[in-house]
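Open the model in a viewer and keep the selection tool at hand. The stops below say what to select and what is there.

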Amino acid sequence: MRTLRTRVAIVGAGPAGLMLSHLLHRSGIESVVVDHRTHEQIATTIRAGILEAGSVRLLVDSGVSDRVVTEGDRHDGVVLRFDDENHRIDFQDLVGESVWLYPQTDVFLDLAARRKADGGDVRYGVSDTAVDIGDRPAMTFTDSDGVATRVEAELLIGADGSHSICRRAIPPGIRTEWFREYPFAWFGFLAEAPQSHPELIYTRSAHGFALISQRTPAMQRMYFQCSPDERVEDWSEDRIWAEMRKRVNGNGFELNEGPISGAMVLPFRSFVTAPMRHGRMLLAGDAAHTVPPTGAKGLNLALADVRVLHEVITEFLADGDEDVLGVYTDRALDRVWKAQHFSYWMTTMLHSAAGATAFDIERQRGELSLITGSRHGAAYLAEAYTGWQHSK
Ligand code: DHB
């Protein structure tokens, strides 16, 4: 067994793990990051595309990359569409903020390139990862060169996604978990076509929810509500476009169509675990919480965790006071539950639930009218969508 020592061992080389490793490096703290996926696998998994203003500032101010502002697209608003009418929520006017359309895969590429340029120790494609969460935490794995390796550290970080092995290392009696399932999923796909609209459109229709998002001027990303057991292979291009037209077209608005790729079914789940710290191990991002995709909070929440985690870790490593680690859960959870509520709320406001009564449908229309027809209602959505600036 090859044994290495570092200060912080990080399981997971997605945006949360890499951002933390990067911020620690800037504070003079070394870390080792491992991931069972290869660089190629992470870089080619299509994920969400919207960054809150605070996420963009973190990427730019910490020197990861300015590609997000030079190549990303600033969006000053979104559209809620219902009853065949578009209602724009103007973020700049309402809260003086914006979001950026910049795919998560690009955030990963920027972070991976920055860690590489800074000589960071990031190991992709490892296998058999296990963690030891005692007083001297460690992670063991088979490295990509086949050598069994043990990394001992002062702190262990679980940034290893919703199937986290780190979370599962916390004894069940200590964890509290909150969980909610939804009776629907999203069918997501890429369309090679020009933009249909300059901003994102979240649509509620009698046939179910649809979202028009973007990737590049020639490539669009779209989603429509489907059943959780929907199979991608049952959907021809014609069938997909027929479904989209039913939900979105009308009253002078028409989608631009084109060849389809990257189709997938995205499950919906709300999940939170607490505490997010056990002894010398701390969890970040999807390892501790997942949100349904409506509103694109997942990556943003992971980066917000990491911002807090970086502060807590640097303070702890400077003076060794374990009480400092104890504040992490409360500080992170405040934002986690706000984002949980927002994602749940956007989901239930815009999706059609099987078995909805006539009352439920009219009430949902009333809710949309309240949000789009009132400056206060619209500002509530705008503040949450662009990211709560003044929260802990
Ligand atoms: C995208 C995904 C989302 O979940 C969302 O709310 C907005 C945009 C996207 O993939 O572009």
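Predicted model: local features only at pLDDT ≥ 70, side-chain atom pairs only at ≥ 80, totals over all residues.

Residues are numbered from 1 along each chain as its sequence is written, and side-chain values use heavy atoms, with hydrogens and water left out.

**Stop 1: two helices**

Select residues 328-350, helix 11, and residues 358-373, helix 12. Helices (H or I, at least four residues) and strands (E, at least two) are DSSP runs, numbered from the N terminus. The two axes come within 9 Å and cross at roughly 120°; axes are lines fitted to C-alpha atoms, for helices over the stretch in contact, and angles run from 0 to 180 degrees between N-to-C directions. Helix 11 and helix 12 are therefore oblique to each other, a word for angles that are not under 35 degrees (roughly parallel), over 145 (roughly antiparallel) or 65 to 115 (roughly perpendicular).

Now show the side chains at the contact (heavy atoms within 4.5 Å). Helix 11 contributes Trp 345, Thr 348, Met 349 and Leu 350, and helix 12 contributes Gln 364, Glu 367, Leu 368 and Ile 371.

**Stop 2: the second largest pocket**

Select Thr 348, His 351, Ser 352, Ala 353 and Gln 364, which of the 26 lining residues are the closest to the centre of the second largest pocket. Its volume is about 470 Å³. Which element gives the largest share of the lining? Helix 12 does, with five residues. Strand 6 (77-82), strand 16 (201-204), helix 8 (237-248) and helix 11 are also among the elements that each supply at least two.

**Stop 3**

Go to Asp 84, in the loop between strand 6 and strand 7 (85-90). Its phi is near 65°, a positive value in a residue other than glycine. Asp 84 counts as partly exposed, at 39% relative accessibility; buried means under 20% relative accessible area, exposed over 50%, and partly exposed in between (1.4 Å probe, protein chains only).

Next select Ala 296, in the loop between strand 23 (289-290) and helix 9 (298-319). Phi of Ala 296 is also positive, near 55°. Is Ala 296 buried or exposed? Ala 296 is buried, with a relative accessible area of 11%.

Finish at Pro 275, in the loop between strand 20 (269-274) and strand 21 (277-278). The peptide bond from Ala 274 to Pro 275 is cis, with omega near 0°.

How values were computed. 1 Å grid on protein atoms, 1.4 Å probe; cavity = no way out; pocket = protein on both sides within 12 Å on 5 of 7 lines; lining within 4 Å. Points joined across faces, edges and corners; volume = space filled by probe spheres on them.
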